[in-house]
Every structure is written in structure tokens, then in C-alpha cells.
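Colleague: Before I rely on the helix packing and the sheet, I would like to go through the terms one by one. Please set each value against its definition.

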Amino acid sequence: MGNTKTGNLDDITTLILRFRKSLEITPEGHADMPVQLNNLGYFLHLLFSRTGDLRDLTEAISMHRRSLDLTSEGEERIPIWLNNLGLSLDLLFSRTGDLRDLTEAISMQRKALDLTPKGHAIIPTRLDNLSSSLHSLFNRTGDLHSLTEAISMSRKALEITPEGHPSMPRRLSNLGYFLYLLCRRTGNLRDLTEAISMQRKSLDLAAEGHAHIPMWLNNLGSSLLSLFQRTGDLRDLTEAISIERKAVGLTPEGHASRPIRLNNLACSLDSLFRRTGNLNDLTEAVLLRRKAVEDTPEGHPDMAIQLNNLGYSLDALFNRTGGLHILTEAISMQRISLDLTPEGHVSMPMRLNNLCLSLLSLFRCTGNMRDLTEVISIRRKVLEIAPEGHADMPVWLDNLSSSLDELFRLTGNLRDLTEAISIRRKVLEIAPEGHANMHGWLHNLSFSLELLFIHTGDLRDLTESISIRRKALEIAPKGHVGTLTSLNHLGISLEYLFRRTGDLRDLTEAISSYQSSAVYPSGSPQERLTAARNWTALLNRSSPPSPAILSAFDTSIYLITLTATLEQTMENRYRQLQFNSGVTLEAASAALMLNRVDKALEWLEQGRCLVWGQLNSLRTPLDDLRNWNAQLSARIVQVSKGLEAAGSYSTQTTWTEMSLSEKRSLAEQAQDNLNLARQWDKLLEEVRVIPGFESFLKPVPCTTLLQHLPDSGPVIVINIDTRRCDAIALLPGRDQPLHIPLPDFSLELCNQYRVGLTAQLQSFHLRYRGESALLASEYVDDGRGIRPVSLREKDGETVIRKILRGLWEKLVTPILQRLELSKVDPSSERTLPRIWWCPTGPLSFLPIHAAGIYGNASSESLMDYAISSYIPTVAALTSRVKNIQSINKESTGVFMVSQPKVDGASPIPGTTTEVRAIYEVVTAVKMRAKMLEETDITAAGCLDIMEKYSIVHLACHGSQNTKDPLKSRFLFHDGSLELGTIVQRSLKNADLAFLSACQTSTGADDLPDEAVHLAAGMLAAGYRRVVATMWSIGNRDAPAVATDFYQYLLDHRSSVIEDGLDSHFSAHALHHATKQLRLRLDDNSDQSLLTWIPYVHFGY
């Protein structure tokens, strides 16, 4: 009949064909007809077990029923036919979940057993089959009697099975699985220990290549996971994962049992993540669970558990990485799972509980009271329907308490908190001694008592909270991820205690607890950063702060970099960084108070512009490394390209519109990105052991930054913090940075200026180029509009002038005086020095380059002293100075684009005038140039041509996306040219980008130190220098500014450059063009100021 023990699909199919032919030639009423029908039904049953095609099973049951119908009463083979029908009905139930099928299956199997003569060799098999169906009944209804009867019958089958019998492994495994379920229900550890023993023995006895080995491995893995969850021994979990991977590996694609085995492996990986905090384990679990859902047939009873478990892991992923769409999907999966779960199902409490976990995450994210109310209602229902004495009862009770804690924090109703504490005390009473989660339940009770102390001020509650939390830390398994949370909260409690008692020992221990949590070797970087911020806050209370704060801030800055690592998309990285805005500036302020200007500079470099810095790291020239180890260099290039593509990946399809397969594809990509990031880290370690490469791609130390400064002027970094404001000047030739305190400037004043400037810009409608912005040279009083009103202070000075005066007197002048920079007479031949400004915080939104006193007739401003440029970081400048690359002669030239009319935006006819004027200027000296207008150029075509020109001039609408900077774009008639698309190109000869569009250098309010704007993005894309605008520019003035700019570059071309422009003088050219614009405006009115101020220069 073929080797069915191997489960070979071809053998089964061949036998089915043979029996069909046999039936065709068997006459109706022939004595062999029942046998033929039974045999065909048996192999159709086997075929369904392999393929999951319900038609095969339905036909198998039909064959078995016909076989019984044709068999005479008393026929000795009736027990066989009954048993086989029972087995197929049991399998049908597992596929459809229809309890009637299972009830009939049990009835058939009981009858078959009753009709089998005592002592018959088949009895152990019949007992085994009936026990399996009784186990299914328990799984569906939770009826403990069904499970205990299954165990009893399974034991009896084993007792009468001869030693060495081929069915011994299967019966041992089955009994082990039933005992595992019994422990899951009752919590009796002896049952689980016996289960594992049985399952190990089963595998020891199994014949090599037996078709059931994957199932038996899977069952042993489930038992080991359960043992880990009870005892916390990581070795059990490690073995479970190893065994489950083997089970999945032995299960072919398309096998009906593959989804549940994928799910079980995912369960163990999920548990490993919750123990160690390793994100790689969670992303793999999510990927496996998506695959399991995708491979589970529509209508299969396992779909409910697959969806619920996927939601459970997605909730964990949301809590670790963020992304509301992830949480929304988790809740959706869990609600669908519950819709598919029949009333009274044994897993209903667990699935309801998992939904609550996600709803509670949603409440914590949105603060919507309805979500919390639903959570509490569902959790009370869980306790009502859960069987008395269920092993998970402590978990469900504790979860209800967590919800009541949240309700108390929202409403302040003490009854909710009192109930939470009462329930948590009950949890500790009923939880088994030595349970792996005991430390977590102690931690939660401690947290509730801490809340009670905060509400009532009763010191006894606080001391009990601290005592319980100490005990939780004592019994927590080594390396458990929950320890870092407990340590942080112990620090919080001890800080409360210190405030009440003044005992310095409590303060010292609080600091130690925060420190231990911050440097804990595992867990979420964001949680560790929370502890680090508590640590620094406590040390920062004294003035000056303790020198120990340097170590605390070192940890904080390092952890900030870990919250936004390379495996994440840029969008996710920026979202993570929003939570930590300001930490770096606070750190620098503390370092400056301790006279550690070098440390302040290093932190400002390390903790700001992280995402652009990562992109620059991936593009680091590798000439020296290539000379040392070409193979290693090539591997770095390969991985860096993969990470760059991964970070800039985006999709046009919204999450809700994606199919399951598309979401799985994204999950696979996330896993690949994580693996690439791990490879990158290992490659860096490999490089750094090479002599001379010890600091390869490490944060640049202060001494190195000072070695590669430009010769033509200082670099000024300005730190803005609540406690103080300071400038750090980096001067060529000096081996130490110069600290310049700014006592008259403050964060509060800076914010006032920012608000005032925003209000004034709004009053002039200065946002988009082409909008009805009334600039100085464009104002016509034709009575058709409202004349802009210049907002004035009480002293009569306009807001704009007051802001520029404040920047001049309180910020710029102290710096110029300390640097001994004097005003340059315009009539002299003396060249103005350059200043590279690197502002931080809200100062990034203010026009430092225009600081000055602007009277009605005369003025004094920074423009009289120096030529200003901006840089996102010092390293962004010094890397250009260090790695000067010549431009390919064939690429030298200017490429100009104008897009005066695009859908959804106002017309900007001035762009046509602008590029034609530039084209006329540059072609007059026979310089290589290309001009394309309107429909002559597409967004995609623009990018292709940009690769062939060193200078690009984009006269068009620009749109910034502060949530996902790579989606910031330039608008074309046929769509848009996104920054992410530009970044992915290799623009080796990119030199200068002139962005004659609106708001190309305006950052994001919630990410002021990440340079989230088009200008910085173009620097990251490879351009050495960028001309951009802080707000919209006038249609009439823009062409003249651009023409003056390019004419200056032409007039100051180096003699070695024949057919191109030397954009090295681009800052000078913009300074000149701006001065010419000011001369044409001929006054210092607000309209005039707002006309020339927006032009800014970025880069070298």
C-alpha cells in the first residue's frame, strides 16, 4: 500500500487513484464494497492531513458513512468503520469548529471501543483515538472532565502497549501533550514535568524520518515554553526555540500543520523578546505570525488563534517602536479573532485579555476614556467566564488592577486604586510559589502603593512600596528586561522618600537605581533613556551640578542614538527622536557649567542631526580602508547601500489598504533591515580592531573637529537651554574651542522672538511662493486687499526690528566682540570673513544672518562684519573640508528648471523669468548650461539630468514633510520629485543647489535639532553648498537675486576653471546678491526686511 509512515504525498495520491479505479469496477452490492469505500476514505483522510483541502475530507466522511450503511449488523469490521468515521469527523471539527462534528466523532469512537473484544490488539489505538477527541472537546469547551478522561484513557493505552511497539512514540507524545494542557489549566508543575519527560522519551523512540516527528517536536517545544513561563529558566526557552525551529524546518510548505507550527515558534520568540528586549526576536515573531495567518485557510478554526496572537505581538511591537497604524492593526486582528471565537470557547478569556492589552496601549496613546472603560469592562468579563482555579487567574486579576490604576490616575477616584491594591494582594496569595512572574506582580503592587502615597501622603504606603520593590528585584531572573523598569521605579520611590525625610542615603540610592536602570544591558533604549533622564535631573539640581552628571549625560546621549537606529525607516527614527528633543542641549549646558566646553561640543555633535549623520556615515569614503582590506571595504559598501535603501523606503499604499501579503512583505523587509543593521555593527567592530582604524565612524572627538576647520572664518555653535545660553567658537589654528557665555540671551527670549516672527510672517501671508504675499517691491495700494500691518511694540519699534535688534545686541555682538571681529568698510578692499552658524533648538528658526539695528535711514548689521552660512553640524562642514573632491569636468555646468504651473498650487510666473535670465547670463560666457521649462521636463527626467550637472537651480514650488523628511518634495507638472528619490541617487559631482522655492530651510517645530528641511536634505544627498529660503520669496525679486548671484560667481571664477562656475564663492555671491536687493529696496521697512532676509546659504 506504499510507505504512509513517511507521509509521502505522491504515495498517497497514487493509492487514492488505485482505490477509485477499484471502486469503479466493483459491482454494486459486492461484499468488498464496504472495504473499498473504507480504504478510499482512509487515504482521502490522509490526503487532507497533508493538503488541508476540505473537499478531500468531506469525501472521506462520505465514503466512511457509505461503508457503514452497507455493512450488516454484527459484522466484525464495524468497529473499524466506526473508528475511521470518528477520526475523520474529529478532523473535520478541527477544520470547521462545528461542535456537532466532534460530538458525533466521540460517539462513534466510544461505540467502536465498546464493540472491540477485550484484549484485542487494536484497543490501545481505539483508546488513543478517543482520548484525542476528548482532548479536542476540552480545547473547545474547557470542560476539565474531558481532559482528565483523555489522560486516563491515554495512560491505559500506554499500559497495554507492548515495549518496542511502533505506536509507543505517538502515545507517549499524546499523553505528554494532554498533561501539558492540564498544567496550563491547573498550574500543577508536576504535570508539566511529567509531560516533558513523556515527550522526550517519545522522540528518543521515534524511527528516523517518521512523519509525526515534526508534530512531536512542536509539542515538546510548547511544553518547554510553558516551563519557562512558569520557572523563568532561560535555558528552557532557548531549547524550545531550537526544537520549534527544527519542527518548522521539517514541515514542508503547504502542509496543513505548518501555520500552527509557525505560530508556536513565534510564541517562543515573542516570549524571548519580553524577557530580553531583543527587537530582532519580536520582528521575527511578527513575520512568522503574518505568514501563519496568510497560510491558514479561510474559515479554519485556527484562524482565530492566529489572528489573536498576531495582534498580541503587534501590540508589543507598537510599545517598542511606535506607529499608531501597528496598534490599530493589532486591535483589528484581535476583534476579528473574537468574532470568530464561538461563545463558551476555552480560549475566550485569553483572547479577550489580549484585546485589552492593545486597547490599554491605545488609551495610553490617545487618553480616550472610552478605550479604558472598555478595557475594564472586558477584564471583569474575563474573570466572570474564567473557570475557577485556572492557572492564568493571577495574570487576569493583575491585568484588571493595571486598568484600575490607569482609571485612578485619570479620575483621582480613590476607590479604583483601593480595589486595584486589594486585587493585587489577592494575586500574590493565589500565585504558586516560585512562579516566573512573581517579581512582576510584586512590582505592580509596589507601583499601586506608590500611587496611593502620592495621593494620600501616607509614608507607610511609600515604605511598603519600596520594600516590595526591593523584593521584586531580589527574585527577578538575571537579565530579565523587567528589571530595568523596576530599578527606575525604585529610584522614583526613593526620590519621593528623600523629599519627605531629607535622608541623603535615600538620595544616593535613588541615583544609584536610576544609573543601574540606564546602563542595564537589555531592554528598550527608550525605557533606559527615561531612567537616564531621571538620573541627570536628580544630579542637575545643584548649581553647578555634580561632576558625576557628565557620566549620566554620556549615557543619555548614547541612548538617544540607540532609539533611532539604522534598521528603522527615517520616519520611525524621527518619531523616536521627538520624545527626546532638548536632552542634548541640556547636556551641553551642564558640561559648560562645569567648564567642559569640549564635552559640550561633542555631545551637540553626537546628539543632533542623527538621521542625516547616519546617512553621511553610510556614504563615508573608504579609500584608506580599501587599501588595507578591499574585501572588508566592499562588504561595508554593500551593507551601507542596503541600509540606505531601507531607511528611505516608502510606500504609496496606506496601511489599511494593504493586503495580508503586502504587510508580510513589509514585515520581511523590517526583518531584513534589522539583520542589515546587525551586520553593519559587526562590520564596524571588525574594522575597529585594525590598527589605525580604532575610531572608524565613531562620534568625532573635539580634537579631530578642530583639525579640519575652514581657513576663512570661525564656526559658531550656539546652545540654547533653560538654564543658560552659550556660544562655542571653533577657530582655525586653535587647539581648543572658545567658550562665549551669552548671559543676556535666553530660551524664553528665543521663543518670544520665534512667536513674534511667526505672527509677523502670517500677517504678510509669507508662506508659499506665488501666494498673495505683499512684499516691498510688489505692494500696490489698489484697494482690493488689506494692507499688511506692521506689528509694533509699545516703544514704537516694529516686532521684526525688535527681534533683529535683540539677536544683534544679546547674541551676535558678544560673539563678534570676543572674536575681535570689526566692521569692514564697504569701500575698502578687505575681504569679509565667513562665519558658519550652527544654531540649536528654536534658534534654528531665527535669522541670525540678518541680526542688526535697522533704522529708517541707516543700519548696522552682521552683514557689515561677516558673510554668514549655516550648517546642521560641525562634522557636516569638516567632512567637506577634509574630503575635498574634484568635480568631473564633463559634469561642470548649470541645470535650470522652472515649473510655473502645477496642479494644486498657485501660479508662479516669475520662475520662467528667473531661469531665462540666469540662462542668458551663463551662456553669454559660453558656459555649459541646460534650461528646461514647464512640460519640457518631468520629475523623473529632472533627476536624470541632475546627475550630469554640478549645479542645479530649481525654480518651483517646494513642499516640506516634517513627519517624513524624505517625502519633502519639489512640485512638477507631472507629479513631484521627492528628496528620498534624490538621496538614493549617486550624485558624485553635486556641488551647488539653488532652491528658489518656499520654505526650503524651515525645520520642524518638534524636531528643531534634526534639520528637517530640504536644504539639509540636499546637503545629505551630496551637494556641498545649498542656497535656500526661510520663507516665501517674491516673484519680482527672485529673478534679480538669482541673476546677481550667478553673475558674481562668473566674475570670480578661478582661472583654472574654463567652462564652469566655482561655487566655492557661493556664500559670497549670495551675500552680494542680497546687498544688491537691499539697495534696490532702499529702506528698512518691515516689507523690505522680509523681502531679503529669507535667503540663506548652507554648507561649505
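Colleague: Which residues of α20 meet which residues of α22?

Modeller: In this predicted model, H443, F447, E450, F453 and I454 of α20 meet T485, S486, H489, I492, S493, Y496 and R500 of α22, where contact means heavy atoms within 4.5 Å. The contact of α20 with α22 divides into five nonpolar, five polar and two charged residues, given that Ala, Val, Leu, Ile, Met, Phe, Trp, Tyr, Cys and Pro count as nonpolar, Asp, Glu, Lys and Arg as charged, and the others, Gly among them, as polar.

Colleague: What makes α20 roughly parallel to α22?

Modeller: Helix α20 (residues 438-456) and helix α22 (residues 482-501) pack at an angle of about 25°, with axes 11 Å apart. Angles under 35 degrees count as roughly parallel, over 145 as roughly antiparallel, 65 to 115 as roughly perpendicular and the rest as oblique, so α20 is roughly parallel to α22. The axes are lines fitted to C-alpha atoms, for helices over the stretch in contact, and angles run from 0 to 180 degrees between N-to-C directions. The helices (H or I, at least four residues) and strands (E, at least two) are DSSP runs numbered from the N terminus.

Colleague: Is the crossing of α20 and α22 left-handed or right-handed?

Modeller: α20 passes α22 in a left-handed crossing, a term that applies if the near helix is turned anticlockwise from the far one by less than a right angle, with clockwise giving right-handed.

Colleague: Why is α22 called roughly parallel to α24?

Modeller: α22 and helix α24 (residues 525-539) pack at about 25° with their axes 9 Å apart, and that angle makes α22 roughly parallel to α24. Their crossing is left-handed. From α22, L484, T485, N488, I492 and E495 meet E527, R528, T530, A531, N534 and L538 of α24, a contact with four nonpolar, four polar and three charged residues.

Colleague: How do you know how α15 and α16 run relative to each other?

Modeller: The axes of helix α15 (residues 324-340) and helix α16 (residues 348-366) come within 9 Å and cross at roughly 155°, and α15 and α16 are therefore roughly antiparallel to each other. The crossing of α15 and α16 is left-handed. Their contact includes L324, L327 and A330 of α15 and M348, R351 and L352 of α16, and by class it has eleven nonpolar, five polar and two charged residues.

Colleague: What makes β11 and β13 edge strands?

Modeller: In the open sheet of three strands, ordered β11-β12-β13 with antiparallel pairing, β11 (958-959) and β13 (975-978) each pair on one side only. Two strands pair if DSSP finds at least two bridges between them, and four bridges join β12 (residues 969-972) to β13. L971 stands opposite S976 in β13, and β12 and β13 form a hairpin with two residues between them.

Colleague: What rules apply to the values as a whole?

Modeller: Local features need pLDDT of at least 70 and side-chain atom pairs count only at pLDDT 80 or more, while totals for chains, interfaces and linings use all residues. Residues are numbered from 1 along each chain as its sequence is written, and side-chain values use heavy atoms, with hydrogens and water left out.
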